[in-house]
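Reader: Can you walk me through this one? I'd like the annotation, then some side-chain detail.

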Amino acid sequence: MADFEYLSPEGLRSDGRRPQELRVLSCNISHCLQADGSAYLQQGNTRVIATVYGPHDVSRRSEAQHDKAFINCQFSMATFSTSERKKRPTGDKSCLETSLALKKTFEAAILTDTYPHSKIDIFVQILQSDGSDKAVSINAITMALIDAGIPMKDYVCATSVTLINDTPIVDLNYFEERGPGPELIVGTLPKSGKIVFLQVNSRLHIDNMEKVLKEGMNGNQRVHTILDTLIKKHLEKSILT
Amino acid sequence: MAVTSKDTPLTSTPFVLPGDKLPPNSDSANNRTGVYVRDGGTYSSICGKVTDSKSTVKPLVPPFMCPEKGNIVLCRVLSVSQISAKVEIISVGSQVLKEPLMGIIRREEVRASEKDKVSLFQSFRPCDIVQARVLGLGEGQAYVLTTAESELGVILARKLCHGGRMIPVSWCEYQCSVTGKREKRKVAKVINNISSN
């Protein structure tokens with residue numbers, strides 16, 4: 001692995017992208033009719049399904065909050081999503097941690113005070129994992145929430161960034177994620193530029209932080225533009241039919 | 001790649017999406033749907049169309065309704081006991097709920113007069129459709145409802161044994177259209193425009 005070339009002398013990555021280039025993003029909105037909102041998002045070879053149910057009545061008394069909605073988020077990875085088959089799709093530490101992180105992220109973005117005493121369920125499943133799982137999940141949930149008509153402050157867009165040879169690299173695939181560089185995942189509300197999710201895996205020097213973060217935020221702006229056009233296309237199609 | 005600032009008012013595009021800036025409006029955002037205020041500007045919070053008159057966002061997806069204090073709701077009686085009647089709220093105003101919400105009508109809130117003489121068994125029966133007003137959220141999971149107004153009460157009753165339609169004959173009685181038998185209810189004085197309430 002040590003001599004694996006993450007960035008060629010020409011400045012191209014292992015899959016032929018430029019350092020700041022995103023993978024191809026495609027989306028299928030409202031594919032699941034039972035759910036109130038759903039989205040299937042494919043970013044390169046990472047495929048994610050997000051479904052949103054609610055707002056509905058709380059199922060347990062302890063979940064009820066008198067001034068805002070309770071958000072329940074469940075993150076899972078299909079057993080066939082990784083190259084080595086997983087034993088069970090959910091319940092391990094990393095899945096629980098991701099669920100909690102996603103919950104906190106969307107608590108910051110959803111206008112929860114619109115629906116007191118109710119609950120919003122978010123289910124997200126990785127069908128195929130090829131890096132940036134959390135970032136793609138955040139993007140997919142955003143699409144599903146918009147489809148469900150749940151009031152939000154803004155889109156939540158996320159990308160992952162790493163640093164190789166002092167060059168920030170955006171939207172990592174599996175190889176780059178497992179590479180020597182640190183990984184920074186940043187989720188923002190693109191229009192106000194506020195950060196709602198930030199995670200750094202392994203050590204990132206403070207001098208590089210600003211550079212990497214800036215590139216991540218730029219990536220989020222581009223993700224936002226793409227998601228926006230995808231949603232608008234979907235709306236035009238659904239209005240016409 | 002250059003990033004374009006999209007923080008400009010959207011008027012030409014047919015849809016607005018969460019975070020889109022809306023034209024300024026003097027109305028406070030609290031009584032408008034689909035908008036919120038940040039740094040003095042109004043922004044859309046849902047995906048919908050901007051209505052011209054009041055710059056509210058009309059949602060493309062029918063929104064989830066939370067019954068609020070003072071709303072008129074329609075509910076179906078589930079069970080009746082000596083102290084309260086359990087109901088499920090099936091619609092709020094003219095909006096039918098996707099899934100029913102629990103509600104409760106206490107004995108003291110069945111009618112406005114002679115409150116101490118009320119018998120719930122002579123006011124409601126299971127399967128009755130009741131029009132009620134929301135008093136608020138109870139301490140449990142149920143909304144507290146009242147029928148202590150002449151327009152509120154049972155609006156549709158059926159005879160349980162054969163499902164026959166019953167007709168209101170007085171302020172406290174329904175009569176079966178098949179057998180002619182009378183049963184006691186808290187009868188609502190039905191006004192024609194129920195749905196517009």
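Author: This is a predicted model, where local features need pLDDT of at least 70, side-chain atom pairs count only at pLDDT 80 or more, and totals for chains, interfaces and linings use all residues. Residues are numbered from 1 along each chain as its sequence is written, chains are lettered from A and ligands numbered from 1 in the order written, and side-chain values use heavy atoms, without hydrogens and water.

Reader: How much helix and strand is there over residues 154-218 of chain A?

Author: That stretch is 26% helix and 42% strand, with its end C-alpha atoms 16 Å apart. Helices (H or I, at least four residues) and strands (E, at least two) are DSSP runs, numbered from the N terminus.

Reader: OK, rings. How many aromatic pairs over all chains?

Author: Three. In one of them, the ring centres of Y53(A) and F123(A) are 5.9 Å apart and the planes are at 70 degrees, so the pair is edge-to-face. Pairing takes Phe, Tyr or Trp (six-membered ring) centres within 6.5 Å; planes under 30 degrees apart are stacked, over 60 edge-to-face, the rest tilted.

Reader: Which strands hold Y53(A) and F123(A)?

Author: Y53(A) is in β3 (residues 46-57) and F123(A) in β5 (residues 118-128), both of chain A, so the pair ties together parts 70 residues apart in sequence.

Reader: Switching to P168(A): buried or exposed?

Author: Buried, at 8% relative accessibility; buried means under 20% relative accessible area, exposed over 50%, partly exposed in between (1.4 Å probe, protein chains only). P168(A) lies in strand β7 (residues 167-170) of chain A.
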